[in-house]
Amino acid sequence: TALTLAALVFWGRVQIWQILALSFVTGLAQAFGGPAYQSLVPTLVEKKDLPNAIALNSIQFNLARVFGPLLAGATLAAFGTALCFALNGVSFLVVILALLSLTIKHIPPAERKPILHDLKGGLSYVRSQPAIVALTVLAFLTTFLGLPLLTFLPIFARDIFHGDVGRYSVMMSFSGAGAVVGALIVAWLGLFKHTGLTLLLVQFTFGLLVTAFALSRIAWLSYLLLFLDGAALLVVFSMTASLVQLIVPDHLRGRVVSIYMVAFRGGMPLGSLWGGYGASLRSAPSVLAINGMLVSLVALYFLTRSHGVREL
């Protein structure tokens, strides 16, 4: 899809419906690849090292957020948009080669059952585990309410700080750098007591930081808040994913992780849709400020009611 988009831009044929169609195809691919990718991690490390592995695994994504905007901005200025998309498409070959280099022993199931039967089994298990339900809800609400922060960055760069692509690249880099630091912190901490309580406290703080960024009109303070936002967001995501992986049994891992990933990934586009609509009625900063307060309220709810998360 990235190479197709590059070709469409190169020949000047790109239209909105084509971008939407390519986004839909990409979403289908991620629906298969995401759960498989997440389920692969526990087969590579021992259970006690799982939080470290998940946190370190997230660094590759967030390093891309640090260096990607900088490289893309330079490439865009020097060579144009089409080459940016083309390089993005070629970069996937590196990932494919890395995955092909892994040697994983596949143990097939004792008996094959219809996909709907397996899906019902996964849903039944999730419903029977209040902690997994709560973690899934937390993942969805965090992406739904928190990730519009990244969606709105171009608006903040242009309208609030009167910048251009360069300003946006710097803002993305601060957010990505914070995420890398957050991942290193989780990787250093590893598996420890009161992970669930720590997760909720960090999420509460993340909501306050999002609201503070929405209200800030000072460039250096906004950069600092973006750095802290990125760190807090990555800590929340890594700890949530680690707790889900630690709870679920091996034979249900793929199905349960798939349900979790639907909530995690589904919150991103839905949150952007809601955020864009809300911004059209009021403004991006006001919507982001409300979202941040709601994130903190969600964390406060689970801190007081728990549903099994606080005790993990």
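**Helix packing and surface features in a predicted model**

Good morning. Helix α8 (residues 153-160) and helix α13 (residues 284-305) pack with their axes 10 Å apart, at an angle of about 135°. Helices here are DSSP runs of H or I with at least four residues, numbered from the N terminus. The axes are lines fitted to C-alpha atoms over the stretch in contact, and the angles run from 0 to 180 degrees between N-to-C directions. The helices α8 and α13 are therefore oblique to each other, since angles under 35 degrees count as roughly parallel, over 145 as roughly antiparallel, 65 to 115 as roughly perpendicular and the rest as oblique. In its passage of α13, α8 makes a left-handed crossing; that term applies if the near helix is turned anticlockwise from the far one by less than a right angle, and right-handed applies if clockwise.

Before I continue, a word on the source. This is a predicted model, in which local features need pLDDT of at least 70 and side-chain atom pairs count only at pLDDT 80 or more, while totals for chains, interfaces and linings use all residues. Residues are numbered from 1 along each chain as its sequence is written, and side-chain values use heavy atoms, with hydrogens and water left out.

The next pair is α2 and α12. Helix α2 (residues 16-40) packs against helix α12 (residues 253-281) at an angle of about 125°, and their axes are 9 Å apart. That makes α2 oblique to α12. The crossing of these helices, α2 and α12, is right-handed.

Let me stay with α12 for two of its residues. Val-262 lies in this helix, α12, and counts as exposed at 60% relative accessibility. The cut-offs are under 20% relative accessible area for buried, over 50% for exposed, and partly exposed in between, with a 1.4 Å probe and protein chains only. Between Val-262 and Ala-139 there are 9.8 Å in space, C-alpha to C-alpha, and 123 residues in sequence. Tyr-277 is also found in helix α12, and it counts as exposed at 53% relative accessibility. Its C-alpha atom is separated by 29 Å from that of Phe-32, 245 residues apart along the chain.

Leu-200, in helix α10 (residues 195-215), is buried, with a relative accessible area of 0%. The C-alpha atoms of Leu-200 and Ala-299 are separated by 5.4 Å, at 99 residues apart along the chain. Leu-135, in helix α6 (residues 130-146), is buried with a relative accessible area of 0%. Here the C-alpha separation from Ser-173, 38 residues apart along the chain, is 28 Å.

How many salt bridges does the structure hold? There is one salt bridge, defined as a side-chain nitrogen of Lys or Arg within 4 Å of a carboxyl oxygen of Asp or Glu. It joins the side chains of Arg-158 and Asp-159 at 2.7 Å, N to O. Arg-158 is exposed, at 51% relative accessible area, whereas Asp-159 is partly exposed, at 38%.

Finally, the surface. Leu-3, Val-90, Phe-92, Leu-93, Ile-96, Leu-97 and Leu-100 form a nonpolar patch with about 730 Å² of accessible area together. Such areas come from the Shrake-Rupley method with a 1.4 Å probe. Patch residues have over 30% relative accessible area and no salt bridge; nonpolar side chains (Val, Leu, Ile, Met, Phe, Trp, Tyr) are joined within 5 Å, and like charges within 9 Å. Which helix gives the most to the nonpolar patch? Helix α4 (residues 81-100) does, with six residues. Leu-97, which lies in α4, counts as exposed at 59% relative accessibility.
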